[in-house]
Amino acid sequence: MSKEKEESHYQEPKRVIGLKDLVFLSVGGQSPFLSILTYGVAAFLYGSYFAPIAIIIGTILVLLNGMVIYKLSTRYTKSGGYYTYAYYSLTKRLGFETGWIYLVYSVLYGSAYVLGATFVLHHVLQINPWIIALTIFGVSSIFALTGIKPSAKYAIVASVIEIGIMATLAVLFLKSTSFTFYNPFNYHISFGMLALAILFGAGIPTGYGSITPLSGEVKDPKRTVPLAIVIVILLGGLLAAFDIYAIGDHLLYYHISPTSTDLLSLIESRFGIITFAFVIFAAANDGILATLSFMLASSRTAYAMSTHGFLPSIFSKFESERGPIFASLLTIVLYLITIISSLYLSGLKPYLAFEEVGEIAVLSNLLVHIASDSSLFKISLKRLRRRLVEISLALAAIGITAWNMIETISSTTPVLVYIFMTFIIMGFLAAEVIEMEREEQQEED
């Protein structure tokens, strides 16, 4: 059966979200403030006062992979994103395996930010981690079930407020030094430390991965999706670099040691309880928005896989207002299992759970991007001479992503690598079972 006939009886979702909706939903997926507290702080500890430049370099590297997705998103505009690209440009089986790994990535990545927000709020407010985690998860789940339009409206308001808070915070740090700017190029670090700073800096704008699975519900997707990818990567990366520069400027001016500084305590002591309250809002908002953004992406990927027979047909049911309701319920269950099990296995230590879940998510994300880079490479080979730029882009992205993946695996706890490999093996086994079942059905027909 052809790919077209396979999905002919499924009705495509209505295209109801525009550029503004898509951008702010994905900005939420980046979890800007929590990314500063995690990836940004790590980049600063490795890169010292050169960290803002390292984050900009990391953003450029992310943009390289983003340009691959930019090219693919102009060709394939259906729901499913990375899964759809691999399904149509590689093979059905590789499409399934890419979708499988994307689901692993998106569920773990979204859950990691529930855990990250739980750590921050527990650290500051001393509320039971279970209460915080389940509250954030519950709010995100409600929005995910109400549909993409209400979710987008919430994302616009919440993201604008958060971006305003982050920009204001940076200006306050700069104002505290009477706008005495330092030159980051005066600070030299080793290549090894720079590579690590860039690696963590690149982790900040990677939340754009929640954009493409929503393509089937986007108005004018061939223009909107590629433009949203570029805007979100640059907005997230440059805003983070600005904040880290301002923080570094403050620390340098007042001769404060970065290694002995608690950023949240510093904000409270320097700018007062009102500013601190807004920062706490930003942390809580990040947990909700990031989880919601990736819940939507996960459910649309599951929906697309179901329309091709890779998941039970019930997950392909699409309601005009609430979207793929059963795929959304499946996503919520997967998130709940991940959050509860990771908190329990970490001994109720939210930051440890965040680190471990996040590392597996990062590895899965890199594998998904290698698949999408390969998709662009394959379709570009059809017209070799006309598409030399696309082929070069795909090969460069594959090389950088593979290097990033090797570096990450070499520095990751072995047990987390084993869990990651287990997910991959499970995907291959599931693909074999599905293929055998299809062959049997074809023989019976």
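Q: Why are H7 and H12 called roughly antiparallel to each other?
A: The axes of helix H7 (residues 129-146) and helix H12 (residues 325-345) cross at roughly 170° and come within 10 Å. Angles over 145 degrees count as roughly antiparallel, and H7 and H12 are therefore placed in that class.

Q: How do you know how far to trust the model, and which elements have the lowest and the highest mean pLDDT?
A: The chain averages a pLDDT of 82, and 92% of the residues score at least 70. Among the elements of the chain, the lowest mean, 48, belongs to helix H1 (residues 3-6), while the highest, 93, belongs to H12. Over residues 4-8 pLDDT stays under 50, and for this stretch the model has 10 contacts beyond four places in sequence. Where pLDDT is low, the predicted coordinates should not be read in detail.

Q: Which residues touch the most other members of the largest nonpolar core?
A: This core has 116 residues, and Phe33, Phe173 and Tyr208 are the ones that touch the most other members. Its largest share, 18 residues, comes from helix H11 (residues 263-307). There is also a second, separate core of 9 residues, which includes Tyr87, Leu103, Phe310 and Ala431.

Q: What is phenylalanine 33 in contact with, leaving aside its neighbours within four places in sequence?
A: Phenylalanine 33 is in contact with Glu162, Met166, Leu169, Leu264, Ile267, Val279, Ala282, Ala283 and Asp286, once neighbours within four places are left aside.

Q: What makes leucine 34 count as buried?
A: Leucine 34, whose place is in helix H3 (residues 32-47), has a relative accessible area of 1%. Buried means under 20%, so leucine 34 is buried. Beyond four places in sequence, leucine 34 is in contact with Tyr113, Gly116, Ala117, Val120, Ala283, Asp286 and Gly287.

Q: Why is H5 described as largely enclosed by the rest of the structure?
A: Of the 8 residues of H5, 7 are buried, so this helix is largely enclosed. The buried ones are Tyr82, Tyr83, Thr84, Tyr85, Ala86, Tyr87 and Ser89.

Q: Why is tyrosine 88 called partly exposed?
A: Tyrosine 88 lies in helix H5 (residues 82-89) and has a relative accessible area of 22%. Buried would require a value under 20% and exposed a value over 50%, so tyrosine 88 is partly exposed.

Q: How do you know that serine 372 is buried, and which residues does it touch?
A: Serine 372, in helix H13 (residues 350-381), has 1% relative accessibility and therefore counts as buried, the cut-off being under 20%. Not counting residues up to four places away in sequence, serine 372 touches Val68, Ile69, Leu72 and Tyr82.

Q: What makes threonine 206 count as buried when it lies in a loop?
A: Threonine 206 is in the loop between H9 and H10, but its relative accessible area is 14%, and a value under 20% is what buried means, so threonine 206 is buried. Its contacts, apart from residues up to four places away in sequence, are Val62, Tyr105, Tyr109 and Asn365.

Q: What is said of phi at phenylalanine 179 and histidine 255?
A: Most residues other than glycine have a negative phi. Phenylalanine 179 has a positive phi of about 55° although it is not a glycine, and histidine 255, also a residue other than glycine, has a positive phi near 55°.

Q: Where are phenylalanine 179 and histidine 255 found, and how accessible is each?
A: Phenylalanine 179 is in the loop between helix H8 (148-175) and helix H9 (191-202), and at 41% relative accessibility it counts as partly exposed. Histidine 255 is in the loop between helix H10 (221-253) and H11, and its 73% relative accessibility makes it count as exposed, for which the cut-off is over 50%.

Conventions:
Residues are numbered from 1 along each chain as its sequence is written. This is a predicted model: local features need pLDDT of at least 70, side-chain atom pairs count only at pLDDT 80 or more; totals for chains, interfaces and linings use all residues. Side-chain values use heavy atoms; hydrogens and water are left out. A nonpolar core is a set of buried Ala, Val, Leu, Ile, Met, Phe, Trp, Tyr and Cys residues joined through side-chain atoms within 4.5 Å. Buried means under 20% relative accessible area, exposed over 50%, partly exposed in between (1.4 Å probe, protein chains only). Helices (H or I, at least four residues) and strands (E, at least two) are DSSP runs, numbered from the N terminus. Contact means heavy atoms within 4.5 Å. Axes are lines fitted to C-alpha atoms, for helices over the stretch in contact, and angles run from 0 to 180 degrees between N-to-C directions. Angles under 35 degrees count as roughly parallel, over 145 as roughly antiparallel, 65 to 115 as roughly perpendicular and the rest as oblique. pLDDT is the predictor's confidence in each residue, from 0 to 100.
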